[in-house]
Amino acid sequence: MGATDSFPSSEQTRTAIDQLGTFAAQLTYDGLPEALRRRLPLMLVDLFGVVVAGMRTPELQALVGAWDSPPGERTVIGTDVRTTAEEGAYLAAIAACALELDEGNKYASGHPAAHVVFAAVAAVLGSAPDVNVTGRQFLTAVAAGYEVAARFGRATHRKSAWHTHGHWGATGAATAAALLTGGDAATVAAAIDASTGLMHVTPWATVLTGSFTRNLWLAGANQAGLRAARLARARLVTNTGQAHYSLGEIMGSLDPTALVDGLGESWLTTEGYLKRHASCSYTHAAVDIVQALHHSRPWQAEEVERVQVLSHSLAGPLLGRHPQNRLAAMFSMPFVVSNAVVNGRVDPGTMEPGSDAFLAAEEFSAKVDVTLSPEFDAELPDRRCTEVTVHFSDGASIGLCQPNPIGDANHFPLSAEDVHTKLLSLLDPPTVEGLHDIVGALADSPSAAASLADLSAASSGWADA
């Protein structure tokens, strides 16, 4: 039994959060592992590119047009709209998850980067004119915030009704925001803990019915982190271990030891995945397999009699059919697999409601059956195994199984060239080149605010979208 094992869980949680605060406050860019320093720009260019693509969807254009943003001097990334730094970051976070193409982490069971980065952006762009944050300080804060968020995601065992956005990720946003506004270890710890009292209620049912409110949960977590950092800076909150009661009792359970296990030695930040398909990550391995099978035996949709998918229980909420909008479609395994079979790809175009591709996928989806495998569950979280078998009308069948989606850190991770190709499929070449250039130069930038402002300018084009 460890020294704290006999303490109340809230006290263990408080101790762990203190350790996280100290860890984050002591980080320097030069002290980050080389693999992590390589990962950060890859993750960021992917994320910012996905934001710009999200902003060019009809849904985001309608939302931003109706948002009545307060006046300000900051351009919202991917648009020509000017507003405050915090409002712009909030809208960018919505766009980040609108296409389900943003980075994730299987150990965190969610999307740490998008929960953290926009709080960091708002903290930098909203700082006083006499405060300067270098690019390295920004990258270090993002790394710290991601690691804290991912560790809370790993340590939080949610009740099945809760979706993964809008709660544990606020801890990482609070970490990054507190660091970028000069917080010491105690302030960072207080901000982390306070953020868990500002979490959203996030029902899976909301996602599955396609309610756009789901896309605001992630943005709300960024905002919660910013506000928690302000509470901590004002000395109105301290670390009391309240995360035990919110994440650990209301949401499910929280394992304090998982928050700090291997802290500083192993980095969840290097274990994320980058996405190739515009759908929930639980569907990605199935899409990969369908594409591989089609390559081995090209087919026409009318030749396919049925498709059998065997997956893990994480995909349990995704068994519904007949989605009425983009969000619901991205979280329907039968629809996503059908889309891959009929159209060969799952991207923003084929997931556009009312398009010929969307309607063809909907018609075929009755032929897709999904079953959950207890044997595959035994492989979680390291492997999200999926098996797909395609049966043809001539009696033949072909199948394949794989352990994780392509793009996972442990299964054909995407290279910088792969991410570049992905973004070129979503955006025009000048925008992609601008994103790469600015993010790639962040580590040497004397002013993160100037670089992030350049990023917004390079990715504008709202009127032409």
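Visitor: Let's start with Leu 236: buried or exposed?
Guide: This is a predicted model, and a residue counts as exposed when its relative accessible area is over 50%. Leu 236 has 65% relative accessibility, so it counts as exposed. You'll find Leu 236 in the loop between α10 (214–233) and α11 (243–250).

Visitor: Which residues form a nonpolar patch on the surface with Leu 236?
Guide: Leu 198 and Leu 231 do, and the three together have about 260 Å² of accessible area.

Visitor: OK, salt bridges next. What does Glu 86 meet in a salt bridge?
Guide: The general idea first: side chains of opposite charge can pair when their charged atoms come close. Here, Glu 86 meets the side chain of Arg 230, at 2.6 Å from N to O. Glu 86 sits in helix α4 (residues 85–98) and Arg 230 in helix α10, so the pair ties together parts 144 residues apart in sequence. Arg 230 is partly exposed, at 37% relative accessible area.

Visitor: And which residue forms a salt bridge with Glu 100?
Guide: That's Arg 214, with the closest N and O atoms 2.3 Å apart. This pair also links distant parts of the chain: Glu 100 is in the loop between α4 and α5 (112–125), while Arg 214 is in helix α10, 114 residues apart. Glu 100 is buried, with a relative accessible area of 1%, and Arg 214 is buried at 0%.

Visitor: How about helix packing: at what angle do α13 and α15 pack?
Guide: Helix α13 (residues 284–296) and helix α15 (residues 333–343) pack at about 25 degrees, with their axes 9 Å apart. Angles under 35 degrees count as roughly parallel, so α13 is roughly parallel to α15. The crossing of α13 past α15 is right-handed.

Key. Residues numbered from 1 in each chain as written. Predicted model: local features only at pLDDT ≥ 70, side-chain atom pairs only at ≥ 80, totals over all residues. Heavy atoms only, no water. Patch = residues over 30% accessible without salt bridge, like charges linked within 9 Å, V, L, I, M, F, W, Y side chains within 5 Å. Areas by Shrake-Rupley, 256 points an atom, 1.4 Å probe, with all protein chains shown as cover. Salt bridge = Lys/Arg side-chain N within 4 Å of Asp/Glu carboxyl O. Helix = DSSP H or I, 4+ residues; strand = E, 2+ residues; numbered from the N terminus. Buried < 20%, exposed > 50% of the residue type's maximum accessible area, 1.4 Å probe, protein only. Axes fitted to C-alpha atoms, helices over the stretch in contact; angles between N-to-C directions. Parallel < 35°, antiparallel > 145°, perpendicular 65-115°, else oblique. Left-handed = near helix turned anticlockwise from the far one by under 90°.
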